[in-house]
Amino acid sequence: MSSKVIQAMYNDDDILMSAVKETRAAHHHIEEVYTPFPVHGLDKAMGLAPTRIAIVAFMYGLCGLSFAIWMMNYMMIQDWPQNIGGKPSFSFFYNMPAFVPIMFELTVFFAAHLMVITFYMRSRLWPFKEAENPDPRTTDDMFVMEIGVDGNEEELTSFLKSTGAVEIKITEKH
Amino acid sequence: MYTFSNRLKTFSFALMIVGLIGITWGFLNTPSTIEEAKEIVAHNSQDSHGSSHEVIVDTHDTTVNDLHGESTAHEEGHDASHDEHVFHQLKNRPWSALYVAIFFFMMLALGTLAFYAIQHAAQAGWSIVLFRVMEGITAYLPIGAVILFLFLVLSGMHMNHVFAWMAHDPSDELLANKAGYLNVPFLLIRSAIYIAGWIWYRQYSKKQTRLQDEASEGDNTHYRKLFKASAAFLVFFLVTESMMSWDWIMSIDHHWFSTLFGWYIFAGMFVSAITTIALVTIYLKSRGYLEYVNDSHLHDLAKFMFGFSIFWTYLWFSQFMLIWYANIPEEVTYYVQRFEEYKVPFLGMLAMNFAFPILLLMNSDYKRLPWFIVMAGIVVLIGHYVDVYIMITPGSVGSQWSFISPEVIGAALFFLGLFIFIVFTALTKAPLKAKGNPFIKESEQYHY
């Protein structure tokens with residue numbers, strides 16, 4: 001079964017914002033909105049759930065910290081506790097200040113990189129990915145709101161016209 | 001306009017009275033002769049924590065022995081000098097406790113003044129609605145700084161031995177080499193200049209914002225004057241703050257030096273000041289006085305608390321780790337003493353000033369909850385009080401310290417009461433909205 005979508009184009013982010021609010025108020029399901037730049041408050045207007053990426057970043061940071069502690073405790077204290085320049089290698093705690101720079105850096109390293117990789121995976125981004133924008137103008141100066149069509153084509157078109165759309169397209173979504 | 005509620009006024013007076021009793025108790029309980037001092041030490045070592053004192057005395061003895069060389073030959077003389085040393089430490093206890101409190105509350109007002117000047121110089125748009133709160137807090141500065149100056153005068157008159165370098169010891173060659181900088185008249189002149197400069201900016205900025213309130217629409221002359229004065233003050237502040245930290249804090253351990261000490265004091269001062277601003281703001285808002293302050297303003301203050309707590313820890317660790325790593329005897333004694341004699345407050349303060357705020361204030365939703373900020377703020381303020389205590393007490397009181405004692409708590413409560421009284425009295429003097437500021441609209445609608 002092929003599903004049809006209606007694409008309403010806007011040329012101003014303020015008009016887009018009010019259109020999104022009106023569409024939500026009229027209980028039409030917005031599938032996607034394409035914008036050339038971040039529109040402040042758009043996610044709230046669309047009712048998108050807040051991101052949880054900060055939470056995973058915190059957990060990745062904890063992993064990095066644990067990894068650093070485990071690594072240095074194993075290498076410097078357990079496996080081969082040498083006397084290097086009189087530094088006390090009797091226990092992890094005695095020698096901890098010397099490990100802190102590495103503990104800090106690995107925490108940041110894990111948190112930052114794993115968070116970025118998580119972002120790429122969740123938003124499906126990779127080098128040879130095919131671009132998904134419905135109209136090349138959405139990367140330059142146009143905003144597109146995409147709404148699923150289920151038999152109410154005429155009604156939806158006139159509704160979107162009334163919200164300030166400058167152009168309306170109906171396409172098959174694959 | 002804010003009206004000072006009678007309950008808060010009574011509360012501040014109660015704090016001052018309780019504090020005064022504690023301080024008086026502290027002064028009455030200092031030994032007046034070396035024999036009494038010996039008795040007090042003997043009595044203390046019978047306590048439950050006697051064993052820890054035992055260890056402390058041991059390490060202390062070894063350091064003294066090292067300094068004096070052939071200890072057996074001077075056994076008699078060494079014992080007598082040790083007793084006199086302990087006598088002076090015990091006599092210093094109430095003075096040192098007083099100095100911690102004087103410096104801590106002065107530093108809250110001074111840090112707020114620096115934050116205020118930065119907001120003006122940076123033309124920040126969010127913080128205008130908090131300016132009158134900050135001006136209220138800085139009202140403590142003229143009084144607090146003058147009290148601190150009087151304390152320095154009394155120390156210079158040898159009323160106490162908090163600053164050991166003020167007692168002329170001809171055998172101390174290290175000190176003789178520093179005498180060009182560390183001498184009482186020069187110290188007092190320098191201190192007077194710092195204090196005068198700070199008070200001048202505080203009075204000038206207060207006058208200019210009041211005039212700006214009355215200025216006609218579009219007339220920003222006073223705003224511009226304030227901008228220029230703030231930029232100039234910040235230059236003056238950074239130089240004097242750094243020198244102040246050498247003079248008023250670092251000189252207590254007069255054989256020790258550290259280059260980032262001024263920054264370290266600044267970081268502690270700044271985070272405590274921002275916390276104070278947040279607490280006073282939350283209090284006033286809960287009483288319904290700041291209807292245009294929203295949770296985005298609180299969120300920003302909490303972000304500053306979070307960021308500067310980490311900044312403070314960064315400097316604390318940089319200072320500690322460099323000295324620990326290189327382990328040069330003349331520098332490391334500073335931390336050896338703190339580790340051996342002050343372990344609980346020394347490490348406890350690190351937990352309160354770093355681990356606690358980093359975990360509580362990391363979540364962005366929690367930074368908008370007033371009770372969360374209050375809880376974190378109280379821990380941060382107590383943590384930085386302990387930090388100031390750890391900087392001042394080891395050099396003046398040595399192993400004879402006790403944090404939970406009437407003179408320490410009394411001094412803290414007295415100056416807390418005085419601080420509350422002065423700050424909230426000052427808040428009644430002007431409308432709580434700086435309506436003449438050109439950024440006031442932006443600040444009222446600030447949203448994050």
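The following legends describe close-up views of a predicted model.

Residues are numbered from 1 along each chain as written, and chains are lettered from A in the order in which they are written. Local features need a pLDDT of at least 70 and side-chain atom pairs count only at pLDDT 80 or more, whereas totals for chains, interfaces and linings use all residues.

**View 1. Confidence in the complex and in chain B.** The predictor assigns the complex an ipTM of 0.89 and a pTM of 0.90. Residues 47-74 of chain B have a pLDDT below 50. Beyond near neighbours in sequence, this stretch makes 14 contacts in the model, a contact being heavy atoms within 4.5 Å.

**View 2. The annotated transmembrane regions of chain A.** An unreviewed UniProt entry places the feature "transmembrane region" at residues 53-72 and 92-120 of chain A; such annotations may be inferred rather than shown by experiment. Residues 53-72 of chain A are 100% helix and 0% strand, with end C-alpha atoms 28 Å apart. Residues 92-120 of chain A are 86% helix and 0% strand, and their end C-alpha atoms lie 37 Å apart. Helices (H or I, at least four residues) and strands (E, at least two) are DSSP runs.

**View 3. The domains of chain A.** An automatic or database assignment divides chain A into domain 1 (4-50 + 129-172) and domain 2 (53-122). The C-alpha centres of these domains lie 46 Å apart.

**View 4. The lining of the largest cavity.** Eight nonpolar, one polar and two charged residues line the largest cavity, among them W316(B), R338(B) and D387(B). Asp, Glu, Lys and Arg count as charged; Ala, Val, Leu, Ile, Met, Phe, Trp, Tyr, Cys and Pro as nonpolar; and the others as polar. A cavity is a set of points on a 1 Å grid over the protein atoms alone where a 1.4 Å probe fits but cannot get out, and lining residues have an atom within 4 Å of a point.

How values were computed: Heavy atoms only, no water. pLDDT = per-residue confidence, 0-100. 1 Å grid on protein atoms, 1.4 Å probe; cavity = no way out; pocket = protein on both sides within 12 Å on 5 of 7 lines; lining within 4 Å.
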